[in-house]
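The tour goes stop by stop.

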Amino acid sequence: KEIHSRVCPRRSSPGEEPVITQSPGEPVQTAQEHLEELRLRNSEQHPSSAPVEVIERHHSDPGPSEVRPQQQIDSRRSCGFSMTSAVARLPLPVVTLPSSEPVTQSSTHQDASAEVPARPPAGRPVFKTALITDSMMRHIGDMGEHDALGQNHILEVINKRGTSGLSHRDLMRKLEHLHPNYIYIHLGVNDMMDHRRPEDVIKDLRDFKAYADRKLPGHRIFISLPLRTRRAGPGPNRVNEDIMLLRDALKAYVDSLSPHDRPLKDCSILMNVNENLGDDGGLSPENCSHDNLHLSDSGKTKILGNFRHHIHELTRKILNRPPKTRPSRRPR
């Protein structure tokens, strides 16, 4: 406080020694004399502390004030040189606070002991799959990219209501970023409920395949046939009739591009008929939820099994590995 009340800097011209203006009635003291006084007071008040050398700096000199030895002194005023108490400050302890972020598999604050899915061994090929689906298979996206298809597969689920969404720009951006090996399409029920014709759906698929052939070389497309709804009453079900027409049109479209005598790994488009989910009335009761449209837990398990089986079997064909036995039919 005494120093603060006494010191009043006055800017000096080049070559002139800085001066310290004292209170009225006191003689004018040069900077050098005042520095000597500071050193004397420091030695009297803190005889055991290390001597501190204060380095003078002129107003025109660039750079911060310097203090020796190796002790950072807090400068309260920029007076052309450091004018502070010579009490050395001890370094503050570094305290690491716990992160407020939840520990997840993708978090940068993840604990080393947290369980993380094992990445594929070095040298093992990794296959990428884009699943384009409506609400019927949307639950697969909640399983994560490793749990749905395994360690050697990366999965991205893209939600679309119908086949008209195959021409959306956001879908194309995602596919061009992912550059998938497999594109698995499960759409069609909402198209039939919206009174679209099977020919409109086929046209959407043709246009999408032309885009994929142009922008995504090396891809393969799976067409997962849409599932019929559960007939609620004894009368005819118009939606199911339209879905059956669409299924027949999709089979004819796939067969025209991938003949049965062509090796599976040489086919650019394949089909999954999902025949283990229905009966003569549409979706079987154990596979249907209470709304007669979506899948129960049993149905979700079966459609996920169909999805995995077809992706994995084609992958084994590409890698020239023997297929695993399964009671259902091979993909077409």
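Is Cys-267 buried or exposed? Select Cys-267: this residue is buried, with a relative accessible area of 5%. Buried means under 20% relative accessible area, exposed over 50%, and partly exposed in between, with a 1.4 Å probe and protein chains only.

Before moving on, note that this is a predicted model, where local features need pLDDT of at least 70, side-chain atom pairs count only at pLDDT 80 or more, and totals for chains, interfaces and linings use all residues. Residues are numbered from 1 along each chain as its sequence is written, and side-chain values use heavy atoms, with hydrogens and water left out.

Next, select Cys-288. Cys-288 is buried, at a relative accessible area of 10%. The structure holds zero disulfides (pairs of cysteine sulfur atoms within 2.5 Å).

**Helix 7**

Select residues 238-257, which form helix 7. Helices (H or I, at least four residues) and strands (E, at least two) are DSSP runs, numbered from the N terminus. The 20 residues should span 28 Å at 1.5 Å a residue, and the end C-alpha atoms are 29 Å apart, which agrees. The expected span is 1.5 Å times one less than the number of residues.

Now colour the buried residues of helix 7, among them Val-239, Ile-243, Leu-250 and Val-254.

**The core**

Select Ile-132, Leu-166, Leu-175, Ile-185, Leu-205, Phe-208 and Ile-223. Of the 33 residues in the largest nonpolar core, these touch the most other members. Such a core is a set of buried Ala, Val, Leu, Ile, Met, Phe, Trp, Tyr and Cys residues joined through side-chain atoms within 4.5 Å. Strand 5 (127-133) and helix 4 (169-178) are among the elements that each supply at least two residues.

**Rings**

The structure holds five aromatic pairs. Rings of Phe, Tyr and Trp (its six-membered ring) pair if their centres lie within 6.5 Å; planes under 30 degrees apart count as stacked, over 60 as edge-to-face and the rest as tilted. Select Tyr-184 and Phe-307: their ring centres are 4.7 Å apart and their planes at 75 degrees, so the pair is edge-to-face. Both residues are buried.
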